[in-house]
Amino acid sequence: MTELTTSAPGSHARESGARTVRLEATNPEGCFLGKTVEGKKFASGVDSGFAFADLLFGLDLGNAPAFGFAYPDWRGHLDDVYFRPDMSTLVEWEQGLDAVIGDYWLKDGTPVPLCPRNLVRKMVDRLSAVGFTATVAVEIEATAFEESIHEARTRGYRDLTPLGGGAGTAYHLAKSKDWVEYMSAVAARFDEVGIAWEAWSDEDAAGQVELNLAPGDPITVADAWARTRQIMREVAFERGHTVTFMAKPTAGYGQASHINLSLQRDGANVFYVEDGPSETMLRAIGGLLATMEGNTSIVLPQITSYRRLVDLSGPPVTVTWGIRNKTTAVRAVCGHPKQSRLEYRLPGADANLYLALAGVLAGVIAGVERKIEPPEPVGAMAWCLPPGLGIERIPDTMTKAADALEADPILRELLGDEFVDYWVGSRRWEWMQFHTAGGDPFAELSEWESARYFELP
């Protein structure tokens, strides 16, 4: 991605005339959930909303209820929450089927605090209150395999054949035609449903692709991210292949979802000054670093997420920033009125982008509001740093990251006690499931992880 410019949201919105309409939203884990309703039923519920059982905020990825932390008064009784469609997202998904993204609300008309889309909106509104808008973009990484999803299940998601051949190292055009045809079909579906994209290319691991969505406002980009993953899965199924967004689907390279961000005031990029970084950019960096250990829990959500954190393998491992330095956790791109931006390089491909954006925006807001100054930038390689430099390493286990989030006063204030307590409790539950239901902490990648994370989220 070379530029951050806002794409127009809702350009494909229209009144639904389809026989059926699919309601779409993510749960906190990042799974794309919903239900399909008959056309007249949809029309009758556009304003009042559609009932969903609150269990969608209470089940883990193994379909078991998560325990060990307090439930708020609206959860725990299989009571209803209400999906409200955002009609600006209504598109024709296929002939006879429309699709619409929405948010979850309580009976009293207040937003569900755990709804990922609502949490992004909360941060966007807070940013607006201090005079800024944000433009973001995301780099999605995924790995495609020759086998169908049915065969992948039979094999336990192990020993699969990378689509396009066994070569890696990134940017190779000498891929077999099945890989090119798959990604061309994916891009054609993007055009049909109005997802703005910029590029796709071969990535480091065999069968791996990087896909760049066009920049836009945070909610629009997160909506596009959710639908992108659904399209990539549907197209893979139609062509007899399978695709995964697991953080590390094999013992080789992992997968990321880097977030690029800039701030605007009155249409001007406030991260830009000719000899940058600007003061606003520096404060945003300060806030991002101050909240990075707590945000690790949000942007590295699963057990496998932490297997990526290996020096020299691509992901950042230290709480650092640098100018044009891709070994640091935050990379500053400076000196251009349009291209000046920050790249937050920590999130894994398994992160829920709505929640990741909420956490990143919270860090930026804190930095700007509290005038947090960052440490000195790292100009050298930020991997394999010796001890004694005063540079912290990113939490490298799920429990360390959960502890950091629980103790982070900035994220607790901005994201809210209810979300933080829920998320920390759910991560500790996931850790316990791994250690009691078949996970192997000493394996490069355990069978339990493949079964749990390959298809979901």
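**Figure 1. Lining of the largest pocket in the predicted model.** The lining of the largest pocket divides into 10 nonpolar, nine polar and 11 charged residues; here Ala, Val, Leu, Ile, Met, Phe, Trp, Tyr, Cys and Pro count as nonpolar, Asp, Glu, Lys and Arg as charged, and the others, Gly among them, as polar. The pocket holds about 630 Å³ of space. Of its 30 lining residues, Glu141, Glu203, Glu210, His258 and Arg345 are the closest to its centre. At least two lining residues each come from strands E7 (133–145), E8 (197–202), E9 (208–213), E11 (257–265) and E15 (341–344). Helices (H or I, at least four residues) and strands (E, at least two) are DSSP runs, numbered from the N terminus. On a 1 Å grid over the protein atoms alone, a pocket is an open set of points with protein on both sides within 12 Å along at least five of seven lines, a cavity is a set where a 1.4 Å probe fits but cannot get out, and lining residues have an atom within 4 Å of a point. Grid points are joined across faces, edges and corners, and a volume is the space filled by probe spheres set on the points. The model is predicted, with pLDDT of at least 70 needed for local features and 80 or more for side-chain atom pairs, while totals for chains, interfaces and linings use all residues. Residues are numbered from 1 along each chain as its sequence is written, and side-chain values use heavy atoms, with hydrogens and water left out.

Figure 2. Four cavities of 30 Å³ or more are present. The largest contains about 60 Å³ of space, and its lining comprises six nonpolar, two polar and four charged residues, including Phe57, Phe69, Arg75, Tyr422 and Trp429. The second largest cavity contains about 50 Å³. Helix H5 (residues 218–238) supplies the largest share of this second lining, five residues; Cys31, Phe32, Trp225, Arg229 and Pro457 are among the lining residues.

**Figure 3. The largest nonpolar core around Leu415.** This core, a set of buried Ala, Val, Leu, Ile, Met, Phe, Trp, Tyr and Cys residues joined through side-chain atoms within 4.5 Å, has 130 residues, and those with the most contacts inside it are Tyr104, Tyr182, Met232, Leu263 and Leu415. Helix H8 (residues 353–370) gives the most to the core, with 13 residues. Leu415 touches Leu119, Lys122, Met123, Ile298, Ala358, Ala362 and Val420 (heavy atoms within 4.5 Å), not counting residues up to four places away in sequence.

**Figure 4. Helix H2 and the residue that follows.** The 14 residues of helix H2 (residues 116–129) should span 20 Å at 1.5 Å a residue, and the end C-alpha atoms are 20 Å apart, which agrees; the expected span is 1.5 Å times one less than the number of residues. Pro116, Arg117, Asn118, Leu119, Val120, Met123 and Leu127 of H2 are buried, where buried means under 20% relative accessible area, exposed over 50% and partly exposed in between (1.4 Å probe, protein chains only). Just after H2, Gly131 takes a positive phi of about 95°.

Figure 5. A cis peptide bond with omega of about 10° joins Gly276 and Pro277; Pro277 is in the loop between strand E12 (268–269) and helix H6 (279–290). The peptide bond from Leu456 to Pro457 is also cis, with omega near 0°. Asn63 has a positive phi near 70° and counts as exposed at 58% relative accessibility. Asp159 has a phi near 55° and, at 70% relative accessibility, counts as exposed.
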